[in-house]
Structure formats: C-alpha cells, structure tokens
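Me: I would like to learn how to read a model of this kind, feature by feature. Please give the general idea, then the case at hand.

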Amino acid sequence: MQNITCTHCGAADPEPGFVEDSGQNARGYARWIAGHLERGIFGGAKRMGRPNRQIDAYRCHRCGHLELFATHQS
C-alpha cells in the first residue's frame with residue numbers, strides 16, 4: 001500500500017508489519033473473515049466457505065497508532 005498516513009496524528013509512512021496469532025492450532029497470522037462470528041459445537045469460529053483476507057498492519061512511528069487493512073484474499 002502506498003501513501004498511507006496515520007489517521008490519529010497524520011504522520012506519513014507508517015512502519016509495515018502483521019498481527020500474529022499464536023493461539024492453539026493457529027497458522028501464525030491473523031486474518032479477516034466475512035460475516036458475524038458464529039461458533040461451532042466445540043466453541044471455535046465457523047469459517048468454512050467464508051471469504052477471508054490477509055490483514056496488513058501499519059504502526060505509526062510518531063504515536064504508535066495501528067492501522068489494519070484487510071487486503072489480499074488468503
């Protein structure tokens with residue numbers, strides 16, 4: 001992504017990164033899933049057949065604010 005500015009303080013060029021998910025059976029990264037959260041019989045989120053996207057994270061070097069963007073289909 002280009003020309004991103006912090007929506008909190010207006011600083012330019014935030015630092016790119018990602019949000020890690022290190023929970024049980026995690027793939028190591030978080031992703032956005034379409035629709036409201038529905039839980040299965042064992043308490044996990046139902047996600048089969050739902051569109052999902054990679055989450056790109058940017059951290060403002062001035063104020064530390066995080067901006068998250070659901071970008072590429074994962």
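Me: What does the protein chain average in pLDDT, and where is confidence lowest and highest?

Reply: pLDDT is the predictor's confidence in each residue, from 0 to 100. Where pLDDT is low, the predicted coordinates should not be read in detail. Here the protein chain averages 86, and 96% of the residues score at least 70. Confidence is lowest in strand β2 (residues 31–33), with a mean of 85, and highest in strand β1 (residues 15–17), at 93. Strands (E, at least two residues) and helices (H or I, at least four residues) are DSSP runs, numbered from the N terminus.

Me: How many salt bridges are there?

Reply: Side chains of opposite charge can pair when their charged atoms come close. The rule asks for a side-chain nitrogen of Lys or Arg within 4 Å of a carboxyl oxygen of Asp or Glu. By this rule the count is two. One pairs R59 with E15, with the closest N and O atoms 3.3 Å apart. This pair links distant parts of the chain, R59 being in strand β3 (residues 52–59) and E15 in strand β1, 44 residues apart. The other pairs R50 with E38, the closest N and O atoms being 3.0 Å apart. R50 and E38 are both in the loop between β2 and β3, twelve residues apart.

Me: Which residue is buried yet has no salt bridge?

Reply: For charge, Lys and Arg count as positive and Asp and Glu as negative, while His and the chain ends are not counted. The residue is E67, whose nearest side chain of opposite charge, R62, is 12 Å away. E67 lies in strand β4. A polar contact of 3.2 Å joins the side chains of E67 and H65. Such a contact is a pair of N or O atoms within 3.5 Å; within protein, one must be able to donate a hydrogen and the other to accept it, and residues adjacent in sequence count only if both atoms are side-chain atoms.

Me: Which residues make the nonpolar surface patch?

Reply: Patches are made of residues with over 30% relative accessible area and no salt bridge; like charges are joined within 9 Å, and nonpolar side chains (Val, Leu, Ile, Met, Phe, Trp, Tyr) within 5 Å. Areas come from the Shrake-Rupley method with a 1.4 Å probe, and for residues only the protein chains shown count as cover. V19, L66 and L68 make a patch of about 260 Å². L68 belongs to strand β4 (residues 66–73).

Me: Which residue has a positive phi although it is not a glycine?

Reply: D13 does, at about 55 degrees. D13 sits in the segment before β1 and is exposed at 62% relative accessibility.

Note on methods:
Residues are numbered from 1 along each chain as its sequence is written. This is a predicted model: local features need pLDDT of at least 70, side-chain atom pairs count only at pLDDT 80 or more; totals for chains, interfaces and linings use all residues. Side-chain values use heavy atoms; hydrogens and water are left out. Buried means under 20% relative accessible area, exposed over 50%, partly exposed in between (1.4 Å probe, protein chains only).
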